[in-house]
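Could you walk me through this structure? A guided tour in plain paragraphs would be welcome.

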Amino acid sequence: MAAGAMNGLRQALFHDAFVYRPMPPLRIDGPLVRLLPQRARPRAVWALHAVVLLTAVMALLLGIAESGHPIEEMTAVIPAACVAMTLVRPVGAFWMSLATTPVTAIFGDQGWPWGAGAFFAHLVVLIVVAARTRPRTAAWMWVLTVLLGTFLENLAGHSTSSTVGMAVVSAFALLVVAMVQIRRDAEREVTVQRTVTAVERDRRTLLEERTTIARELHDVVAHHMSVVAIQAEAAPYRVENPPPELEQAFVTIRENAVAALTELRRVLGVVRAEDYQAPEAPQPTLAQLDGLLANVREAGLETEKTVTGAVRELPQGVELSAYRIIQEALSNTLRHAPGATAGVEISYVLGGIGLRIVNGPPTGPVKPSPGAGHGITGMRERVAMLDGAMTAETTAEGGYEITAFIPVQPAEPREQDGAPGAGSGRTKLTKDPEHTEHTGRAGQAEHA
């Protein structure tokens, strides 16, 4: 315990005791500075420096007021200088004040061991140094001050001493400063923890949304890969006397498709939660958008849909992402803007599809429901995954607007099958209704 105490004393008061540590100015956006007019704020950040210098002047005036000759007036300057020194070297100012206490007591004849000016100055030094350091430093300063006062009191044998008053007043002042510091440190720690928690929550939300997208894409990709595998297996039987090279090519296609499906499911198993249950229904597309709008209308959200451009079938991943973006935007409107109206605009353009979902400000007596902002994160992930662009911002009327553009690569033209009797010997597989039905059932079985 003694070794630990000495180590704490060395770290608090001896380590870099006279290092240059200027007092920083107040923050211009601090709670006190913000109460002042805009013009006075740049100068108000130096308010603490002005207060310390003012107390130094007050200590000097107190020392001069109780002095009787020039030597006492000169010694009154020492405590005031110690107070001013706390602005640049706080711990050094304490040692200077402690070391000059016997000097002011002997040559100043202003009380023992502290006169009025020295008492006030040393008390200010303790408070300023304690506010600029840690509570442990304040405790050690109080102990050393009491020990010095007791030693000087016993050495001189004065009947009246200011040691008891210094011990009581400084203990109360340092206790208040320590409590304020502990509270400030606790608030800072809570702020840091809240920031870390918010960052981790956003990161977890991002990962969860990416996992959801991966699951949905698995359903889309696995369906198409299953169709490729079944068509590759059935294609040789649709051609009369196919050459061995053609049969081997179809076998290779099917093997690669099955291998890709196996790897896809293996990777998906890493991101799939243990309690995840695959949906039984197929993933939604923009063809089911009218049903979604009907549901939100029943929930009390008046919605209008506007479609521009030539409606065409898009890749299933794009259709799914567009549907989910509209669904999440309307859900956010229901939660955060009850009583508002919403508009959904879908623009089919040559390079892709544009989405715009805008709602008005909340109206009516229902209060908005709080949210964590995860929906916007999920939308951005979906758009970024497809190399698109998205904006989400408030409108001038107080509502909210979400715009997104998802690019779509133009479809490559398919080769036309040879005319009958042309000697090509090829038949287009998807023209056979029976084969189409067989392929769909086989693809669903392969996907299951």
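**A walk through the model**

In strand 5, Glu401 is the bridge partner of Val358. Strands, like helices, are DSSP runs numbered from the N terminus, with at least two residues (E) for a strand and at least four (H or I) for a helix. Before we go on, please keep in mind that this is a predicted model, in which local features need pLDDT of at least 70 and side-chain atom pairs count only at pLDDT 80 or more, while totals for chains, interfaces and linings use all residues. Residues are numbered from 1 along each chain as its sequence is written, and side-chain values use heavy atoms, with hydrogens and water left out.

Strand 3 (residues 352–359) and strand 5 (residues 400–407) pair in the antiparallel sense over eight bridges; two strands count as paired if DSSP finds at least two bridges between them. They belong to an open sheet of five strands with mixed pairing, in the order 1-2-3-5-4. At its edges are strand 1 (302–308) and strand 4 (389–394), each pairing on one side only. From one strand to the next, the twist averages 10 degrees.

Two helices lie across this sheet. Helix 12 (residues 289–298) lies across strand 1 and strand 2 (341–349), and runs at about 160 degrees to strand 1. Helix 13 (residues 316–336) lies across strand 1, strand 2, strand 3 and strand 5, at about 5 degrees to strand 3. Such angles run from 0 to 180 degrees between N-to-C directions, with axes fitted as lines to C-alpha atoms, for helices over the stretch in contact; contact means heavy atoms within 4.5 Å.

Next come some residues in other helices. Thr55 lies in helix 3 (residues 47–65). Thr55 counts as buried because its relative accessible area is 15%, where buried means under 20%, exposed over 50% and partly exposed in between (1.4 Å probe, protein chains only). Leaving aside neighbours within four places in sequence, Thr55 is in contact with Val83, Phe120 and Val124.

Ala235, in helix 10 (residues 163–238), is also buried, because its relative accessibility is 2%. Its C-alpha atom is separated by 9.6 Å from that of Leu246, eleven residues apart along the chain.

And Ile106, buried or exposed? This residue of helix 7 counts as exposed, because its relative accessibility is 54%.
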